[in-house]
Amino acid sequence: MREIRIYHSIWKNIALMAVCFMFAATGVLMLLHGEKPFFAWTAILFFGGGGLFVLFLILRERIAHKAYYIITDESVLMDSGMKKWEVHFADVEEFYLINVGSSKQIGIKYKKEVEFQKMSDASSAGRIIRKLNESIAGVQESFPADGLNIKPQELCDLLNMRLIK
């Protein structure tokens with residue numbers, strides 16, 4: 001099968017960036033009027049930084065043609081710009097959609113021996129996070145499925161089709 005490259009939705013990211021910059025601008029206006037400097041600086045730093053990060057993602061994906069997900073016959077590779085992560089299909093029993101808060105995620109149900117190995121290879125903090133993930137979402141690992149140029153269910157179906165070789 002051919003390699004499939006999945007990117008963030010440009011329009012959703014532009015809308016997200018605009019909202020971030022509106023909140024950052026509100027923080028600037030609060031500072032100019034001398035209102036609640038702590039909240040103003042928090043809004044400027046948090047939302048301004050978030051807007052700049054989204055801009056970075058847009059430029060990185062569109063100009064450098066760096067896909068967020070690359071799906072091959074053997075694995076799916078996620079490259080967020082901060083971290084690369086690969087899931088080998090040979091290690092996976094099933095992918096399925098989960099909701100974590102208001103976010104759609106693709107849950108990864110690893111084969112038992114792989115799941116056990118991942119838990120034992122993790123640091124003590126990593127084991128705590130994996131156990132917390134299992135209690136909240138029912139899986140040790142998941143990855144984002146929102147805001148992409150493919151619907152979450154389509155992405156999940158596509159990944160599961162790669163398991164059936």
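Serine 9 counts as buried, at 13% relative accessibility. Buried means under 20% relative accessible area, exposed means over 50%, and partly exposed lies in between, with a 1.4 Å probe and protein chains only. Serine 9 sits in the loop between β1 and α1. Helices (H or I, at least four residues) and strands (E, at least two) are DSSP runs, numbered from the N terminus. Leaving aside neighbours within four places in sequence, serine 9 is in contact with Arg62, Gly147, Leu148 and Asn149. Contact means heavy atoms within 4.5 Å.

A word on the source. This is a predicted model, in which local features need pLDDT of at least 70 and side-chain atom pairs count only at pLDDT 80 or more, while totals for chains, interfaces and linings use all residues. Residues are numbered from 1 along each chain as its sequence is written, and side-chain values use heavy atoms, with hydrogens and water left out.

The largest nonpolar core has 24 residues. Such a core is a set of buried Ala, Val, Leu, Ile, Met, Phe, Trp, Tyr and Cys residues joined through side-chain atoms within 4.5 Å. Tyr69, Ile71, Phe95, Phe143, Leu155 and Leu159 have the most contacts inside it. The elements that give two or more residues to this core are β1 (4–6), β2, β3 (75–79), β4 (84–88), β5 (92–100), β6 (103–110) and α5 (152–163). α5 gives the most, with 4 residues. Leucine 155 touches Ile6, Tyr69, Ile71, Ile106, Ala145, Leu148 and Ile150, not counting residues up to four places away in sequence.

Next come two helices. The axes of α3 (residues 112–121) and α4 (residues 124–137) come within 8 Å and cross at roughly 135°. Axes are lines fitted to C-alpha atoms, for helices over the stretch in contact, and angles run from 0 to 180 degrees between N-to-C directions. Glu115, Lys118, Met119 and Ser120 in α3 meet Arg127, Arg130, Lys131 and Glu134 in α4.

Last, the backbone. Most residues other than glycine have a negative phi. Lysine 36 has a positive phi of about 35°. It lies in the loop between α1 (10–32) and α2 (37–63). Lysine 36 is exposed, with a relative accessible area of 56%. Histidine 65 also has a positive phi, near 55°. Its place is in the loop between α2 and β2 (69–71). Histidine 65 is exposed, at 53%.
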